[in-house]
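I set out to record, entry by entry, what I looked up in this structure. The entries follow the order in which I consulted the model.

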Amino acid sequence: MPNIREIRERIDSIKQILKITNAMYLMSSSKLKKARKAFDSTSPYFDALQTTIQDILVHTPHTRQVYFNRRENIPPEKRKKGYIIITSDKGLCGSYNHNIIRYAEDEIAKVPDIKNCYLFVMGQVGRMHFASRNRSGDKPSVDGEFLYTMQNPTVYRAMEVAQTVLSKFEADELDEVYLIYTDMEKNGTYQPKTVQLLPFVRIHWVEGADGTKKKLPKASFLPSPEKVMESLIPNYTKGLIYGAMVEAFCSEQQARMTAMDSATTSAKDMIKDLSLLYNRARQSAITQEITEVVSGANGLQEN
């Protein structure tokens with residue numbers, strides 16, 4: 001059995017850890033609320049962009065736009081695919097990073113030719129993981145200049161990411177772009193998710209629920225529908241990326257809150273067990289001292 005001093009030192013160290021886990025829990029809760037508030041204040045703008053794009057597609061179904069070019073003449077095995085993978089910059093968030101990295105690896109494994117797979121990793125944890133796996137050269141290449149942190153996601157940072165992938169798509173350096181992130185659900189759980197970012201899929205809403213043609217109001221676009229789409233699509237792409245960044249950041253904070261709550265509970269249980277052990281050791285020491293005093297007193301009386 002450890003002595004009283006060792007037990008007291010262990011209790012004190014666990015109490016210090018308990019303060020850290022409580023502080024991290026409160027910080028993650030505050031960051032989650034802040035990110036949600038920022039996203040809720042900008043989401044109406046991007047929702048309006050989506051509605052506008054839908055209206056343009058309905059009124060001008062034959063509009064040609066580079067971001068809707070599916071490049072069907074390129075066979076699947078030769079299509080260059082890009083994956084934007086969102087991880088975190090830090091640990092201590094349970095299995096959050098492990099789940100998204102494993103999910104991303106499963107998605108990447110579906111690519112027929114690994115040479116046509118390009119990774120754009122956000123977050124230090126994921127970037128270090130995929131960069132270390134690519135040392136042998138037989139893994140997907142990681143864009144070395146795509147160095148974006150995941151702390152405090154902003155619309156400006158999402159715009160930079162959108163401009164990067166859009167320019168590569170326009171230059172035929174990428175034929176498809178996918179967004180892999182962790183989506184946070186309403187009940188507090190989170191799941192990895194894949195969204196096709198480029199090319200956009202053209203959708204027509206020209207028929208009603210009963211199959212009849214919709215009567216559309218007249219609309220005019222200046223200078224042309226193509227020019228209007230050239231302005232709307234990049235902004236809408238920015239909104240999609242920003243939404244994914246916020247969802248991933250909120251999922252990370254939720255995972256960290258869960259991990260810190262579990263660590264706090266474990267620390268309290270350890271303190272409780274050590275307190276019992278401390279009391280037993282202290283009681284044993286007191287009993288031994290009393291026994292020694294009594295034995296000494298008896299020895300003096302006999303003499």
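**Entry 1: Two loop residues**

I began with N152, which I found in the loop between β3 and α4. The model is a predicted one. N152 has a positive phi of about 55 degrees, although it is not a glycine. Is N152 buried, exposed or partly exposed? Its relative accessible area is 44%, so I noted N152 as partly exposed.

I then turned to R71, which lies in the loop between α1 (4–59) and β1. R71 is not a glycine, yet its phi is positive, at about 50 degrees. I looked up its relative accessibility and found 7%; because buried means under 20%, R71 counts as buried.

**Entry 2: A cis peptide bond**

I looked up the bond that joins L198 and P199 and recorded it as a cis peptide bond, with omega at about -10 degrees. P199 is in the loop between β5 and α5 (225–302).

**Entry 3: The chain as a whole**

I counted five helices and five strands in the protein chain. Read from the N terminus, the elements run α-β-α-β-α-β-α-β-β-α. The protein chain has 303 residues, of which 38% count as buried. I also looked up the contacts with a separation of 6 or more: residues 24 or more positions apart account for 79% of them. The accessible surface of the chain comes to about 17700 Å², and 53% of this belongs to carbon and sulfur atoms.

**Entry 4: The sheet**

In what order do the five strands lie in the sheet? I read the order as β3-β2-β1-β4-β5, in an open sheet with mixed pairing. β3 (141–142) and β5 (190–198) are the edge strands, each pairing on one side only.

Helix α2 touches β1, β2, β4 (176–184) and β5, and its direction makes about 150 degrees with that of β4. Helix α4 (residues 155–170) also touches β1, β2, β4 and β5; its direction makes about 45 degrees with that of β5.

**Entry 5: Helix α2 and E107**

I checked the length of α2. At 1.5 Å a residue, its 13 residues should span 18 Å, and its end C-alpha atoms are 19 Å apart, which agrees. The buried residues of α2 are Y96, N97, I100, I101, A104, E107 and I108. They cover an arc of only 120 degrees around the axis, so they are on the same side of α2.

Which residues is E107 in contact with, leaving aside its neighbours within four places in sequence? I recorded Y83, I180 and T194.

**Entry 6: Helix α3**

Finally, I looked up α3 (residues 124–133), where G126, R127 and F130 are buried. Seen down the axis of α3, these buried residues fall within an arc of 100 degrees, so they line one face of the helix. I asked what covers them, and the answer includes β1, α2, β2 and β3.

Technical notes: Residues are numbered from 1 along each chain as its sequence is written. This is a predicted model: local features need pLDDT of at least 70, side-chain atom pairs count only at pLDDT 80 or more; totals for chains, interfaces and linings use all residues. Side-chain values use heavy atoms; hydrogens and water are left out. Contact means heavy atoms within 4.5 Å. Two strands pair if DSSP finds at least two bridges between them. Helices (H or I, at least four residues) and strands (E, at least two) are DSSP runs, numbered from the N terminus. Axes are lines fitted to C-alpha atoms, for helices over the stretch in contact, and angles run from 0 to 180 degrees between N-to-C directions. Buried means under 20% relative accessible area, exposed over 50%, partly exposed in between (1.4 Å probe, protein chains only). Accessible areas come from the Shrake-Rupley method with a 1.4 Å probe; for residues, only the protein chains shown count as cover. The arc is that of the directions from the helix axis to the C-beta atoms. The expected span of a helix is 1.5 Å times one less than its number of residues.
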